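Open the model in your viewer and keep the selection panel at hand. The tour goes from one selection to the next and says what is found at each stop.

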Amino acid sequence: QEKLDMSMYPVESIRNFSIIAHVDHGKSTLADRLLEITGTISKTDHNKQVLDKLQVERERGITVKAQSASLFYNHEGINYLLNLIDTPGHVDFSYEVSRSLSACQGVILVVDANEGIQAQTVANFYLAFEAQLSIIPVINKIDLKNADPERVEKQIEKLFDIPTDECIRISAKQGTNVEKVIQKVIEKIPPPQCNTADPLKALVFDSTFDHYRGVVANIALFGGEIAKGHKIVSAHTKKRYEVHEVGILTPDEQPTHKLYAGQVGYLIAGMKEVAEAQIGDTLFLYKQPVEPLPGFKSAKPMVFAGMYPIDQTEYNTLKSALERLTLNDSSVTVHRDSSLALGAGWRLGFLGLLHMEVFNQRLEQEYNMSVILTAPTVPYKAVLSSAKLIKEYGKDQITIINPAQFPDKLSVSEYLEPTVLGTIVTPHEYIGKIITLCQDRRAVQKDMLYIDENRVMLKYLFPLNEIVVDFYDALKSLSSGYASFDYEDAGYQSADLIKMDILLNGNPVEELATIIHNDKARAAGKLLCERLKETIPRQLFEIAIQAAIGKKIIARETLKAYRKNVVAKCYGGDITRRMKLLKRQAEGKRLMRKIGNVEVPRDAFIRVLKRETDK
């Protein structure tokens, strides 16, 4: 295939932009239309979310990875190169959005004409606003019969201070007015600030692993040019590579002779190891070092879960699958971990629950690995007061991820739990229910604002562990799916935390210990004991399943013993005869309980530790 010559696109005719919006407001559909209008893909009826390539994305109908594509467009006789990045809309993937924005000079903010502004619209707008990008507001789905673009324009003006005449009304599905969007992009968004004469400086903003060619890195050039045969060095690992191939993505890879400053493309340079293509890394020519680009602040995991192979023999295959997948999804943090019940595994940090589910699904689909995921937990902190412990850890604040490391109350001045600032946008008729829900979750109201006569924006400070499991589902079901939710990190606050142990016949079971807030301990202890009662098989002796805080028992379930009918052979006769037989049986059971030891089968652990889906 013919290699493209990229030198006909000087810096001033390049525009880099991304599309941001709330979930399901039509980002990927708009991207499809833009690709069709510029002739990048041919017009057919099959073009539905062309940029969502992963199987997970196709099945769930959501975008998970930011995808880039280069479009060519002729406007008033000049050929323009437009680099478009389609971003995800879910709060869990806002890291992808902020990364994409670093390679852009402007954004298209898409708002649904039917739904109006929602939580994620607000969050993404501020991301773009803080990065000082030019913003083009677009109102999508005007073909729907309930669409109300005037109302949405007023909302945009009130919340974001963007005059109503700047909004472009389009229908991405039918292609109405989409041409206008491209013209607005060319007029309003500035070209990138860089020069081809400078030494090479390229930012790696994404990377994937290809079985045959090694690591494929997506790069944005901030200066200079790059071609096949160049010797380049990574600023992060200081390793040297030779460039095998460069090109642009018109969603599919298209090799070119060279890439020049201001352009966005991909590069293959024989990187074999997954860790070599660090996202946020700077590449430069050998013997021409440059000041590395600031890169990205690494993503902050909000939710931790243990991941273990179902069979310990699969440990190494799972390890290599994890390494490859974390290359593509760099926001997952991985730590080695081992548990008495489940063997060796990892403790993974995710940005949210959806992220965790998607990661697990990708492991299954792309690498055929099925794994055990334990219930999600959040990282707590403890401020130590005992001099001995401070000396041991070398600092007076420690982070607790595993309940086994939970320090004793006597040696701690206070425990801290992570909090988030949540934004809920909802129709006003659901306010009462939602406020009750938030109060149940120990949240503190910070702000309440009417966006227009029937939409309200609530701001709450939540403890993270209250929203991490099922808050989103509860919110959606209370508000018939209309409320939207978004959160950002808000630091740590002190909390009354305790460690809850589970005892079987008086012996603590390590794996089932949990860290929990004092107010919620009783309910959680009762639930856990009931679930254990259902999963542990009955024995020939009685088993007491107890939840304890320190020495105090807060919940108990009793698993009755199997017993043989010892009085079956008596018919009639004296009552003392029966009593003697029953008493002998009871004594035998008591002796058995003393020496008997409860083995909790592995699948019982898995059933209890796994996330509850059947609430």
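Select E166, which is partly exposed with a relative accessible area of 27%; buried here means under 20% relative accessible area, exposed over 50%, and partly exposed in between, using a 1.4 Å probe and protein chains only. This is a predicted model, in which local features need pLDDT of at least 70 and side-chain atom pairs count only at pLDDT 80 or more, while totals for chains, interfaces and linings use all residues. Residues are numbered from 1 along each chain as its sequence is written, and side-chain values use heavy atoms, with hydrogens and water left out.

The side chains of K188 and E166 meet in a salt bridge of 3.2 Å, N to O (a side-chain nitrogen of Lys or Arg within 4 Å of a carboxyl oxygen of Asp or Glu). K188 lies in helix 6 (residues 178-188) and E166 in the loop between helix 5 and strand 6 (168-169), so the pair ties together parts that are 22 residues apart in sequence. Helices (H or I, at least four residues) and strands (E, at least two) are DSSP runs, numbered from the N terminus. K188 counts as partly exposed, at 31% relative accessibility.

Go next to E542 and R593. These two residues form a salt bridge, with the closest N and O atoms 3.6 Å apart. The pair links distant parts of the chain, 51 residues apart: E542 is in the loop between helix 13 (521-535) and strand 30 (543-549), and R593 is in helix 14 (residues 575-595). Relative accessibility is 27% for E542, which counts as partly exposed, and 31% for R593, which also counts as partly exposed.

Now select R33 and E36. Their side chains meet in a salt bridge at 3.3 Å, N to O. Both belong to helix 1 (residues 27-37), where they are three residues apart and separated by about one helical turn. Are the two partners buried or exposed? E36 is buried, with a relative accessible area of 11%, and R33 counts as buried at 12%.

How many salt bridges does the structure hold? The count is 20. To see a network of them, select E417, R442, E466 and K520, which are linked by salt bridges.

Turn to the aromatic side chains, starting with F125 and F160. A search of the whole structure finds 10 aromatic pairs, where rings of Phe, Tyr and Trp (its six-membered ring) pair if their centres lie within 6.5 Å, and planes under 30 degrees apart count as stacked, over 60 as edge-to-face and the rest as tilted. The rings of F125 and F160 have their centres 4.0 Å apart and their planes at 15 degrees, so this pair is stacked. F125 sits in helix 4 and F160 in helix 5, 35 residues apart, and the pair thus links distant parts of the chain. Both F125 and F160 are buried.

- R240 and Y286: the charged end of R240 sits over the ring of Y286, 3.9 Å from its centre.
- K381 and Y492: the charged end of K381 sits over the ring of Y492, 4.5 Å from its centre.

Select helix 3 (residues 94-101). Six of its eight residues are buried, so helix 3 is largely enclosed by the rest of the structure. The buried residues are Y95, E96, V97, R99, S100 and L101. They pack against strand 1 (14-21), strand 3 (78-86), strand 4 (106-112), helix 4 (119-130) and strand 7 (201-210), with contact meaning heavy atoms within 4.5 Å.

For backbone geometry, centre on K141. K141 has a positive phi of about 65 degrees although it is not a glycine. This residue lies in the loop between strand 5 (134-140) and helix 5 (149-160), and K141 counts as partly exposed at 24% relative accessibility. N505 is another non-glycine with a positive phi, of about 50 degrees. Look for N505 in the loop between strand 27 (497-504) and strand 28 (507-508).

Finally, colour the chain by domain. The assignment gives domain 1 (6-188), domain 2 (201-285), domain 3 (306-373), domain 4 (380-495) and domain 5 (520-609), with bounds that come from an automatic or database domain assignment. The C-alpha centres of domain 2 and domain 4 lie 40 Å apart.

Technical notes. Lys NZ or Arg CZ within 6 Å of the ring centre and 35° of its normal.
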